[in-house]
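Subject: Structure handover

Hello,

Here is the structure I promised to pass on.

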Amino acid sequence: MATFDILVLPGDGIGPEVTAEGRRALEAIGERFEHVFRFTPDTVGGGAIDAYGVAIRPETLEAAKRSDAVLFGAVGGPKWDSPRAPVRPEQGLLALRRELGLWANLRPVKAEPALLHASPLRPEVLEGVDMLVIRELTSGIYFGTPQARRVVNGRREAVDTDYYNEEEVARVAHLGFRTARERRRHLTSVDKANVLASSRLWREVVSEIAPEYPDVTLEHVLVDAMTMHLIRRPASFDVVIADNMFGDIITDEASMLGGSMGMLPSASLGTLREDGLGLGLYEPIHGSAPDIAGKGIANPLAMLLCTAMLLRHSCGLEEEARALERAVQRAVEDGLRTPDIAAKGERTLGTREMADAVLERIGG
Ligand code: IPM
Ligand code: MG
């Protein structure tokens, strides 16, 4: 019987509602497959700012480092959103990524056949969409210095720096190629090499590594063109690698291919141990959705898919991960819907009921 330590950071908005279901899913898996998940709940984001004046406390970061995985809800909301605010909820998430060295953000995007109606795109465009976006997560314009705001000659100005070094690019490229090898052997690298120096380095390093993977087809796509191709030929993408900023933007767009942001999980991983596993942070990409917070109608499926990724990448429990993913798929095929994925007139379930429907289907 294996024991796993999970730091649980529900955060703000719908974070707590969906995280509660992720926890129940792990409990259900633990019971069925005889594993023990020990949960340590803590505060992050706006809640932490209110309680402690910081978006994450140092002891929370230390607890994260000691755990097997972090289950993360969402951070942010209108209450903390002023552009002049000295601390921002998002800093909690950024500190976790950076301090834990989680440089690879895996964002799988699949169009479930039963949910094609939920996307604003035509079903025939969506058929066969199954891609994995790997976003670089600990460098680029998010962390480059200087990052500053100042007054010069009586005028306000601000600066961000888009920094990459070759090692940061190379490890993402290798991960992209290796992952493509296990899938459809196609890799798309996204950049803005026609304008940005950091993107030219990105493209150069990816191209240099390509000969090590002759069985993988590599295409370079400029990020502006990528936003078009994502809606014109989404099924043509297999593995996509992108820097921190471009990866952030294109995955919100790609989430619409899956019908709803409420369907998309993500895993943030660092350099893995020899056994291929490592500490990871698992977070749905939908964010805190303050407009529906507290109503019990948020879609828990992204979070349940996050827990499947947690089982796979941090616990090495592949069979359990698949059991959970199959249960999610069955619930969707059986017509169960939260409001965000319902067609007009379809009966909808709340967060708890939807999660129950999935848990009932584990191993069924
Ligand atoms: C994401 C989010 C975050 C990001 C925010 C909340 C800091 O948009 O995970 O995609 O920009 O990385
Ligand atoms: Mg984002």
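First, the ground rules. This is a predicted model, where local features need pLDDT of at least 70, side-chain atom pairs count only at pLDDT 80 or more, and totals for chains, interfaces and linings use all residues. Residues are numbered from 1 along each chain as its sequence is written, chains are lettered from A and ligands numbered from 1 in the order in which they are written, and side-chain values use heavy atoms, leaving out hydrogens and water.

**Overall**

The chain has 12 helices and 12 strands. These are DSSP runs numbered from the N terminus (helices: H or I, at least four residues; strands: E, at least two). The C-alpha trace spans about 60 × 50 × 45 Å along its principal axes. Of the 364 residues, 52% count as buried (under 20% relative accessible area, 1.4 Å probe, protein chains only). Take contacts between residues at least 6 apart in sequence: 76% join residues at least 24 apart. Contact means heavy atoms within 4.5 Å.

**H10 and H11**

Helix H10 (residues 301-313) and helix H11 (residues 318-333) have axes that come within 7 Å and cross at roughly 160 degrees. That makes the two roughly antiparallel (angles over 145 degrees). Axes are lines fitted to C-alpha atoms, for helices over the stretch in contact, and angles run from 0 to 180 degrees between N-to-C directions. The contact includes Leu 304 and Leu 311 of H10 and Leu 324 and Val 328 of H11. By class, it has 9 nonpolar, 1 polar and 5 charged residues (Ala, Val, Leu, Ile, Met, Phe, Trp, Tyr, Cys and Pro are nonpolar; Asp, Glu, Lys and Arg charged; the others, Gly among them, polar).

**H12 and H1**

Helix H12 (residues 351-360) has buried residues Thr 351, Met 354, Ala 355, Ala 357, Val 358 and Leu 359. Their cover includes helix H1 (15-33), H10 and H11. H1 and H12 pack at about 20 degrees, with axes 10 Å apart. They are therefore roughly parallel (angles under 35 degrees). Among the contact residues are Glu 21 and Ala 25 of H1 and Arg 352 and Ala 355 of H12. This contact has 4 nonpolar, 1 polar and 5 charged residues.

Best wishes

Notes
Angles under 35 degrees count as roughly parallel, over 145 as roughly antiparallel, 65 to 115 as roughly perpendicular and the rest as oblique. Buried means under 20% relative accessible area, exposed over 50%, partly exposed in between (1.4 Å probe, protein chains only).
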